[in-house]
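Q: I have a new model open and would like to learn how to read its features. Where do we begin?

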Amino acid sequence: MRILKSYFLLLMFLPSLMAFGEDISFRLQFHNQRVYYPGSPIWIRASIRNNSGSDYIFSLADQSERNVALFVKTMTNQPVPVSENYMLRTASNEPIFYRLIKLLPGEEYSFLIDLNDFVSLEEPGHFMIQGQFIPTVNQSQARIDSNALRVSLRPSSQSRQFIDSIDIQTGEILEREALPPDQVIQFLLESRQHNQWNRVFLYLNIEALFLRSSDRRARFLNSNETTRAQLLDDFKENIRMGRIDANVSTVPDEFSILQVSHTATHATVLTRQVYYRHQFNEIKEFTWTLERNNGIWLVTGFSVQNLGTQ
């Protein structure tokens, strides 16, 4: 009976509702934005604003899913599946109650929604959120599109693998970009100058660098998956501490890119790197080798030539 009454009231106001469109805005913003992890509440403030010169009336349900549609995608444009809670609530046969909200010109109405009520975010990563506002019970009025939000979910685990994937400066998850070979080397060396090891490792093919040694290769190939993962983790830590591949761990005070050559899958970058010493400068020439996989260039090896001092 209450639903029928709401429909009756809505029909009375339908001429007013149909008079609006672009003059009504729907905006999403984070409420008390903080660092988010998979499974943690992500509260979003949804706001309807009347930018027109007339009154605006819409119906508001006691379940926000009836007024708001959210579309969440990964940065590779893959849709995030809806949550179990969302499926249960939208499939329920329980009665839904609405109330009419009237906004005067310039007025705004806001309410809070939890992103987890709409989609299932179980893995860390970057996601894009966009919504639509559904202003009427029978959807006779066009939906109103919202702005887009970007949310980052940090890993809940504190393992070294996950820690290395987080940008210390921003707290966001680091993601590889399709940089050309010379920019990959520039990014690597600048990160080393700022002692940002998680960024240094971003474009290093750790397994390829590990297998450059015949002794390490034999040990790796004769190990199971668990042991192999531990060998690579130990290798990264040894690079970080300067125990092996010191040419990577040593910080260049100056560097310049001299030459770049590449095919579709392999590249070579020649750099001149200067190291300040107490009474002289040491000069080295690096030849970096890179391979391209899925559009991303990664460093697979390097050779060093000492050019003396100045």
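A: Begin with a rule for charges and rings. A charge sits over a ring if NZ of Lys or CZ of Arg is within 6 Å of the ring centre and within 35 degrees of the ring normal. Keep in mind that this is a predicted model.

Q: Where does K284 lie, and at what distance from the ring centre?
A: K284 lies over the face of Y275, 5.5 Å from the ring centre.

Q: Which ring does the charged end of R212 sit over?
A: That of F302. The charged end of R212 is 4.7 Å from the centre of this ring.

Q: How is a pair of aromatic rings described?
A: By two values: the distance of the centres and the angle of the planes. The search of the whole structure finds 14 aromatic pairs. Take F58 and F133: their centres are 5.3 Å apart, with 85° between the planes. Planes over 60 degrees apart count as edge-to-face, and this pair is edge-to-face.

Q: Why does the pair of F58 and F133 tie together parts that are apart in sequence?
A: Look at the strands. F58 belongs to strand β3 (residues 56–61) and F133 to strand β7 (residues 125–133), so the pair links parts 75 residues apart in sequence.

Q: Are F58 and F133 buried or exposed?
A: Both are buried. They also belong to one aromatic cluster, together with F26, Y56, Y109 and F111.

Q: What about the largest nonpolar core: how many residues does it have?
A: A nonpolar core joins buried residues through side-chain atoms within 4.5 Å. The largest one here has 34 residues. Y203, L204, W288, L290 and V299 have the most contacts inside it. Several elements each supply at least two of its residues, including α4 (181–193), α8 (225–240) and β11 (281–293). Another core, of 31 residues, lies apart from it; F58, L60, L121 and I144 are among its members.

Q: Which residues does W288 touch?
A: Leave out residues up to four places away in sequence. Then W288 touches I185, L188, L189, A267, T268, V269, T271, Q273, V299, G301 and F302.

Q: What shows where empty space is left?
A: Rolling a probe the size of a water molecule over the atoms. In this model, a search finds 1 cavity of 30 Å³ or more. About 40 Å³ of space lies in the largest cavity.

Q: Which residues line the largest cavity?
A: The lining is L188, L189, R192, N247, V248, T250, P252, Q273 and W288. Helix α4 gives the most, with 3 residues. Both α4 and α9 (246–249) supply at least two.

Definitions and conventions. Residues are numbered from 1 along each chain as its sequence is written. This is a predicted model: local features need pLDDT of at least 70, side-chain atom pairs count only at pLDDT 80 or more; totals for chains, interfaces and linings use all residues. Side-chain values use heavy atoms; hydrogens and water are left out. Rings of Phe, Tyr and Trp (its six-membered ring) pair if their centres lie within 6.5 Å; planes under 30 degrees apart count as stacked, over 60 as edge-to-face and the rest as tilted. Helices (H or I, at least four residues) and strands (E, at least two) are DSSP runs, numbered from the N terminus. Buried means under 20% relative accessible area, exposed over 50%, partly exposed in between (1.4 Å probe, protein chains only). Contact means heavy atoms within 4.5 Å. On a 1 Å grid over the protein atoms alone, a cavity is a set of points where a 1.4 Å probe fits but cannot get out, and a pocket is an open set with protein on both sides within 12 Å along at least five of seven lines; lining residues have an atom within 4 Å of a point. Grid points are joined across faces, edges and corners, and a volume is the space filled by probe spheres set on the points.
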